[in-house]
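Here is a short report for a first look at this structure.

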Amino acid sequence: MGFEKKRNWRLPGKKNKKKKKNNNNKGRKQRKNMYPQPTPLSPAELEQLKVALVCQVEYFFSDDELCRNTFLRKHMDCEGFAPAAMIFNFPSIAAYCFHYYDLLTTLSEKSSFLEIDQVNETLRRRDDYRKWLHPNGEGGFGCPRWIMQAEDATPNEPNDENIMATTDKLAADAAAADDVSSSGSNGTKDTESCTDSENLE
């Protein structure tokens, strides 16, 4: 009995391989258009952005927010100031992608509710800030004062004044120790002489 080969006959387990068209170039073109470049803001849009940012920062120092935001209150120092770097990193403010120092300048120019310390880069509300200070566990309120350290100043850096002050202190301590030891030795000699005199008697 003869065997007729069918036209679409194939061995079991094997599939017809079809050539796929190369669409890599098409995908590259789509990826290029996936992230369009942002268009620069107009002056009016930039002004609206600044107003929205000022309102958002002021909200964090409002009564409604400070009633529940103990994290911010714990980071307010004894004068009511909080570091701007911490507040500007809050997600609702960082989402604006506004420059750090430009935002400090904008707050100092446009906000009548907040007081900005440009030197130490801190901010606080102008009125009634003391009632929002958090107890520090030492009988007071607020954390230690936020003070910016100069970039050229390094902690524990030896200089001539520190060396002279340390030398004078060590000399004074050594002199005081010598006085105590000399008075103690005199007392011992006196005691020994008294003991010797008693034995002689």
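## Terms and basis

Buried means under 20% relative accessible area, exposed means over 50%, and partly exposed lies in between (1.4 Å probe, protein chains only). This is a predicted model: local features need pLDDT of at least 70, side-chain atom pairs count only at pLDDT 80 or more, and totals for chains, interfaces and linings use all residues. Residues are numbered from 1 along each chain as its sequence is written, and side-chain values use heavy atoms, with hydrogens and water left out.

Helices (H or I, at least four residues) and strands (E, at least two) are DSSP runs, numbered from the N terminus.

## The sheet

An open sheet is built from 3 strands, in the order β1-β3-β2. Its pairing is antiparallel. Two strands pair if DSSP finds at least two bridges between them. The edge strands are β1 (82-83) and β2 (114-117), and each pairs on one side only.

β1 and β3 (residues 122-125) are joined by 2 bridges. Pro83 has Thr122 in β3 as its bridge partner.

## Salt bridges

Side chains of opposite charge can pair when their charged atoms come close. A salt bridge here is a side-chain nitrogen of Lys or Arg within 4 Å of a carboxyl oxygen of Asp or Glu. The structure holds 8 salt bridges.

One of them joins Arg125 and Asp63, at 2.8 Å from N to O. Arg125 lies in strand β3 and Asp63 in helix α3 (residues 63-66), so this pair ties together parts that are 62 residues apart in sequence. Arg125 is buried at 5% relative accessibility. Asp63 is partly exposed at 35%.

Another links Arg145 to Asp117, with the closest N and O atoms 3.7 Å apart. Arg145 sits in the loop between β3 and α8 (160-200), Asp117 in strand β2, and the two are 28 residues apart. Arg145 is partly exposed at 31%, whereas Asp117 is buried at 16%. Shared partners also join Asp63, Arg125 and Asp127 into one salt-bridge network.

Arg68 pairs with Glu65, at 2.9 Å between the closest N and O atoms. Arg68 is exposed at 59%, but Glu65 is buried at 4%.

## Cysteines

How many disulfides are there? The count comes to 0. A disulfide is a pair of cysteine sulfur atoms within 2.5 Å. The sulfur of Cys78 has its closest cysteine sulfur in Cys143, 7.6 Å away, so it is too far for a bond. Cys78 is partly exposed at 31%. Cys143 is buried at 17%.
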